[in-house]
Amino acid sequence: MPYINILTSSKIGDKKKLLEEISTLVSSLTNKSKRFVMAKLDDNCEMYFNDQAPCCFLEIKSIGSLSPSDMAKPISDFVYERMGIPIDKIYISFEDVSASMWAWNGRTFG
C-alpha cells in the first residue's frame, strides 16, 4: 500500500528500471511487501525551484510504517544517484493515511 509519486524536471531514460528500484527502496524502508508498492513517475515536467536547474518532488503515502526522519536521506540519495538531482533540489512529502481511507481489491484496509 505504499505509494510514491515522483515529479521531476529531468528527463529519465529507463523509467521502468527507476520505478522498480524506487519501489524496492520504499518497500525496504517501510518494511512492506514490494508487491503492494505502487510508484508513478512524471518526468520532463515544467518545474521551478529557485532557478531552472533540475529538481524533484516526491510524495510518499502509506498506512503507517513511515519514518520521515529515517527515510528522507536514503530517498534523497537515491534521487541524486539515479537521477542526478542534487539533494538541495528535492522536496519529499510524507503522508500517513488512515486504513479506513485506503482501499485495495474492492475494500478498505480498515
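Me: Which residues is Ile-60 in contact with, leaving aside its neighbours within four places in sequence?
Reply: Contact means heavy atoms within 4.5 Å. Ile-60 is in contact with Tyr-3, Ile-4, Leu-66, Ile-75, Ile-92, Ser-93, Phe-94 and Glu-95, once neighbours within four places in sequence are set aside. Before going on, note that this is a predicted model: local features need pLDDT of at least 70, side-chain atom pairs count only at pLDDT 80 or more, and totals for chains, interfaces and linings use all residues. Residues are numbered from 1 along each chain as its sequence is written, and side-chain values use heavy atoms, with hydrogens and water left out.

Me: Is Ile-60 buried or exposed?
Reply: Buried means under 20% relative accessible area, exposed over 50%, and partly exposed in between (1.4 Å probe, protein chains only). Ile-60 has 0% relative accessibility, so it counts as buried.

Me: Where is the place of Ile-60?
Reply: Helices (H or I, at least four residues) and strands (E, at least two) are DSSP runs, numbered from the N terminus. Ile-60 sits in strand β3, residues 56–62. Now compare sequence with space. Asn-44 is 16 residues from Ile-60 in sequence and 20 Å from it in space, C-alpha to C-alpha.

Me: In what order do the four strands of the open sheet come?
Reply: Strands of a sheet pair through backbone hydrogen bonds, either parallel or antiparallel. Two strands pair if DSSP finds at least two bridges between them. Here the order is β2-β1-β3-β4, in an open sheet with mixed pairing. The edges are β2 (38–42) and β4 (90–96); each has a single partner strand, so one side of each is left without a neighbour in the sheet. From one strand to the next, the twist averages 10°.

Me: In which sense do β3 and β4 pair?
Reply: Parallel, over seven bridges.

Me: Which strands does helix α1 lie across?
Reply: For such angles, axes are lines fitted to C-alpha atoms, for helices over the stretch in contact, and the angles run from 0 to 180 degrees between N-to-C directions. Helix α1 (residues 15–30) lies across β1 (3–8), β2 and β3, and runs at about 140° to β2. Helix α2 (residues 68–83) also packs on the sheet. Helix α2 touches β1, β3 and β4, and its direction makes about 140° with that of β4.

Me: What does Ser-23 touch, not counting residues up to four places away in sequence?
Reply: Lys-34, Val-37 and Ala-39. Ser-23 is found in helix α1. Its relative accessible area is 8%, so Ser-23 is buried.

Me: And which residues is Ser-76 in contact with, leaving aside its neighbours within four places in sequence?
Reply: Ile-87, Ile-90 and Ile-92. Ser-76 belongs to helix α2. With a relative accessible area of 11%, Ser-76 is buried. Asp-88 is 12 residues from Ser-76 in sequence, and 9.0 Å from it in space, C-alpha to C-alpha.

Me: What is the phi of Asn-50?
Reply: Most residues other than glycine have a negative phi. Asn-50 is not a glycine, yet its phi is positive, about 75°. Asn-50 lies in the loop between β2 and β3. Its relative accessibility is 62%, so Asn-50 counts as exposed.

Me: Where is the place of Asn-105?
Reply: In the loop between β5 (103–104) and β6 (107–108). Asn-105 has a positive phi of about 60°, although not a glycine. Asn-105 is exposed, with a relative accessible area of 56%.
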